[in-house]
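Subject: Structure handover and notes

Hi,

Here is the structure I promised to pass on. Please open it alongside these notes.

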Amino acid sequence: MLSKLRFVAPARRVAAVRFAGTTSPYFNIKRNAQGDKYMEVNITGVAALRLCQINKGAAFPEEEREALKLDGLLPPAVKTMEQQVDNNLRRFRSLRSPLEKYQFLRDLQERNEHLYYALIIEHLEECLPIIYTPTVGDACKQYSYMYNYARGLSFSPRNINNADNIVGSYYLTDIRMIVATDSSAILGIGDQGYGGMGIPIGKLALYTAAGGVSPFQTCP
């Protein structure tokens with residue numbers, strides 16, 4: 001579970017370069033002597049809070065706040081992931097339309113991936129039709145208006161000749177699963193162009209929430 005990961009700063013500063021056996025130049029998932037997973041974080045302060053794979057909001061305990069130089073950047077009270085799930089579930093349920101709920105979850109995913117998965121795993125039956133069908137079809141049609149955050153990789157005639165460099169500079173470096181689309185026939189609603197990105201994003205979220213696939217090893 002992402003929400004159970006313990007975070008530590010590296011014993012020495014690690015340059016943000018790509019090298020074999022890492023999850024990302026910015027963080028790495030490791031195991032301690034007992035076999036428990038933890039995240040070693042190579043960035044600190046505001047930069048750590050801005051990366052959704054690292055940020056877990058007010059759930060950082062005191063020792064992690066000190067190690068990652070987050071002290072003073074967060075509310076002083078430490079909230080458990082369960083408390084944050086309850087707060088965000090109330091906000092989610094207060095929204096009226098499925099598209100509003102979709103946008104709320106996507107925004108949460110890009111701010112705090114740990115909280116996002118904690119919420120949808122606990123309430124998967126309620127969230128599934130928002131994350132994927134039937135709502136994702138409407139989200140794809142409205143993607144240009146709803147776009148807020150970059151996620152994954154996209155290729156077009158404008159950049160396909162630079163594909164090797166694009167893939168080589170991606171910030172997740174241990175990809176095990178890719179969901180791709182040419183956007184030509186999204187759920188029977190026709191060619192949606194870049195808006196088709198909603199399909200692989202939604203599918204990979206379900207593979208993590210329902211199938212246990214690490215989100216740090218996927219790419220839409």
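Below is what turned up in it, grouped by topic.

**Ground rules**

This is a predicted model, so local features need pLDDT of at least 70 and side-chain atom pairs count only at pLDDT 80 or more, while totals for chains, interfaces and linings use all residues. Residues are numbered from 1 along each chain as its sequence is written, and side-chain values use heavy atoms, with hydrogens and water left out.

**Overall**

The chain has 10 helices and five strands. Helices (H or I, at least four residues) and strands (E, at least two) are DSSP runs, numbered from the N terminus. Of the 220 residues, 46% are buried. Buried means under 20% relative accessible area, exposed means over 50%, and partly exposed is in between (1.4 Å probe, protein chains only). Take contacts between residues at least 6 apart in sequence: 66% of them join residues at least 24 apart. Contact here means heavy atoms within 4.5 Å.

**Helix α4**

Start with Phe 104, which lies in helix α4 (residues 98–111). Phe 104 counts as buried because its relative accessible area is 10%. Leaving aside residues up to four places away in sequence, Phe 104 touches Asn 88, Arg 91, Phe 92 and Leu 95. Arg 91 is 13 residues from Phe 104 along the chain, and their C-alpha atoms are 8.7 Å apart.

α4 also packs against helix α6 (residues 124–131), at an angle of about 100° and with the axes 9 Å apart. That makes α4 roughly perpendicular to α6. The axes are lines fitted to C-alpha atoms, for helices over the stretch in contact, and angles run from 0 to 180 degrees between N-to-C directions. Under 35 degrees counts as roughly parallel, over 145 as roughly antiparallel, 65 to 115 as roughly perpendicular and the rest as oblique.

Which residues meet there? Pro 98, Lys 101, Tyr 102 and Leu 105 come from α4, and Cys 127, Ile 130 and Ile 131 from α6. The residues of this contact divide into six nonpolar, no polar and one charged. Ala, Val, Leu, Ile, Met, Phe, Trp, Tyr, Cys and Pro count as nonpolar; Asp, Glu, Lys and Arg count as charged; the others, Gly among them, count as polar.

**Salt bridges**

How many salt bridges does a search of the whole structure find? Eight. The cut-off is a side-chain nitrogen of Lys or Arg within 4 Å of a carboxyl oxygen of Asp or Glu.

- Arg 151 and Glu 110 meet at 2.4 Å, N to O. The pair links distant parts of the chain, 41 residues apart: Arg 151 is in the loop between α8 (143–146) and α9 (163–168), and Glu 110 is in helix α4. Both residues are buried.
- Asp 138 and Lys 141 have their closest N and O atoms 3.8 Å apart. They are separated by about one helical turn, because they sit three residues apart in helix α7 (residues 135–141). Asp 138 is partly exposed at 38% relative accessible area, and Lys 141 is partly exposed at 43%.
- Arg 176 and Asp 174 meet at 2.9 Å, N to O. Arg 176 counts as exposed at 61%. Asp 174 is partly exposed at 24%.

There is also a network of salt bridges, which links Arg 106, Glu 110, Glu 113 and Arg 151.

**Aromatic pairs**

The whole structure holds five aromatic pairs. Rings of Phe, Tyr and Trp (its six-membered ring) pair if their centres lie within 6.5 Å; planes under 30 degrees apart count as stacked, over 60 as edge-to-face and the rest as tilted.

Phe 27 and Phe 216 have ring centres 5.2 Å apart and planes at 65°, so this pair is edge-to-face. The pair links distant parts of the chain, 189 residues apart: Phe 27 is in strand β2 (residues 27–31), and Phe 216 is in the loop between α10 (198–211) and β5 (218–219). Phe 27 and Phe 216 are both buried.

Tyr 116 and Tyr 117 also pair edge-to-face, with centres 4.9 Å apart and planes at 75°. Both tyrosines, Tyr 116 and Tyr 117, are buried.

**Backbone points to check**

Most residues other than glycine have a negative phi, and most peptide bonds are trans. Lys 69 is not a glycine, yet has a positive phi of about 60°. Lys 69 sits in the loop between α2 (62–67) and α3 (81–94). Lys 69 is exposed, at 57% relative accessible area. A cis peptide bond joins Thr 133 and Pro 134, with omega about 5°. Pro 134 lies in the loop between α6 and α7.

Best wishes
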